[in-house]
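Please view the sequence and the structure first, and then read the points below.

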Amino acid sequence: MGKTVKMATMFVLVLLFVTGYALAAGSGTVTYEKDVKKILSENCLSCHGSDAPTMTEFKKDQDKYKKAMKGPRVDTYANLMVIVNGSDTGALMRRLDDGKNTKNGKPGNMYTYLGGTDAEKAKNLEVIKKWVGGWTLKRKKDMSADELKAIKALEK
Ligand code: HEC
């Protein structure tokens with residue numbers, strides 16, 4: 001390789017590195033509005049949308065809703081938070097985990113809906129994990145104050 005080519009290659013590499021770094025820094029915090037809402041509306045709302053029951057309704061007659069392929073609504077931030085750190089804390093994490101944190105090593109039963117391909121599922125899970133912050137599959141009663149505090153799940 002000639003000296004000029006080497007220099008040019010170096011220059012391009014440095015430029016790529018700097019741009020990549022700037023982009024990563026610029027994207028900032030993962031939020032519901034910016035990142036999570038889109039993933040859910042594309043992959044979950046057909047069964048968890050505004051025509052689905054609230055968690056309270058769902059709990060009253062789970063069999064009926066399961067037969068109708070409807071899960072509790074996650075169509076708004078408030079509804080979604082019920083399964084993140086509300087009355088059903090950790091349900092989102094338990095159902096979406098890819099198997100790395102589950103007891104039997106199998107993915108949660110909603111993981112499969114995260115995307116059309118394995119790559120897409122992994123990518124969307126990564127975003128949701130970053131959004132949640134402290135990713136734990138525990139139930140609220142088994143979580144420490146610190147573990148609860150580690151759940152960030154910002155709206156904006
Ligand atoms: C094809 C329909 C369908 C799709 C798509 C779907 N779900 Fe579900 N989901 C259900 C049904 C039905 C239930 C209730 C039965 C069960 O618990 O497995 C459920 C249950 C859940 C629960 C447990 C709620 C609780 O507290 O009991 C969570 C969490 C959940 N889904 C999250 C998601 C997420 C996140 C997505 C998108 C990545 C998604 N689901 C996509 C049908 C669906």
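In the grouping by class used here, Ala, Val, Leu, Ile, Met, Phe, Trp, Tyr, Cys and Pro count as nonpolar, Asp, Glu, Lys and Arg count as charged, and the others, Gly among them, count as polar. On that basis the shell around the ligand holds 11 nonpolar, five polar and four charged residues. The model is predicted. The protein chain has nine helices and zero strands.

**Surroundings of the ligand**
- There are 20 residues around the ligand, and Cys44, Cys47, Gly71, Ala91 and Met110 come nearest.
- At least two residues of this shell come from helix H3 (45–48), and at least two come from helix H7 (91–96).
- Helix H7 makes the greatest contribution to the shell, with four residues.

**Overall form**
- Along the sequence, the protein chain reads α-α-α-α-α-α-α-α-α.
- The C-alpha trace spans about 75 × 35 × 35 Å along its principal axes.
- The radius of gyration of the protein chain is 20 Å, whereas a compact globule of 156 residues would have one near 15 Å.
- Among contacts with a separation of 6 or more, 51% join residues 24 or more positions apart.

**Domains**
- The protein chain is divided into domain 1 (1–29) and domain 2 (31–149).
- A distance of 37 Å lies between the C-alpha centres of domain 1 and domain 2.

**Buried residues and the nonpolar core**
- Of the 156 residues in the protein chain, 18% are buried.
- In helix H6 (residues 77–85), the buried residues are Leu80, Val82, Ile83 and Val84.
- The cover over the buried residues of H6 includes helix H4 (55–60), H7 and helix H8 (118–132).
- The largest nonpolar core comprises 16 residues, and those with the most contacts inside it are Ile83, Val84, Leu92, Leu96, Ile128 and Val132.
- Helices H2, H6, H7 and H8 each contribute at least two residues to this core.
- Leaving aside residues up to four places away in sequence, Val132 touches Val84, Met93, Ile151, Lys152 and Ala153.

**Glu42**
- Glu42 belongs to helix H2 (residues 32–43).
- Is Glu42 buried or partly exposed? Glu42 is partly exposed, because 15 other C-beta atoms lie within 10 Å, while a buried residue needs 20 or more and an exposed one has 12 or fewer.
- Glu42 and Arg94 stand 52 residues apart in sequence, and their C-alpha atoms are 20 Å apart in space.

Methods: Residues are numbered from 1 along each chain as its sequence is written. This is a predicted model: local features need pLDDT of at least 70, side-chain atom pairs count only at pLDDT 80 or more; totals for chains, interfaces and linings use all residues. A residue is near a molecule or strand if its C-beta atom, placed from the backbone, lies within 6 Å of it. Domain bounds come from an automatic or database domain assignment. Two residues are in contact if their C-beta atoms, placed from the backbone, lie within 7 Å. A nonpolar core is a set of buried Ala, Val, Leu, Ile, Met, Phe, Trp, Tyr and Cys residues joined through C-beta atoms within 7 Å. The radius of gyration is taken over C-alpha atoms; the globule rule is 2.2 Å times the number of residues to the power 0.38.
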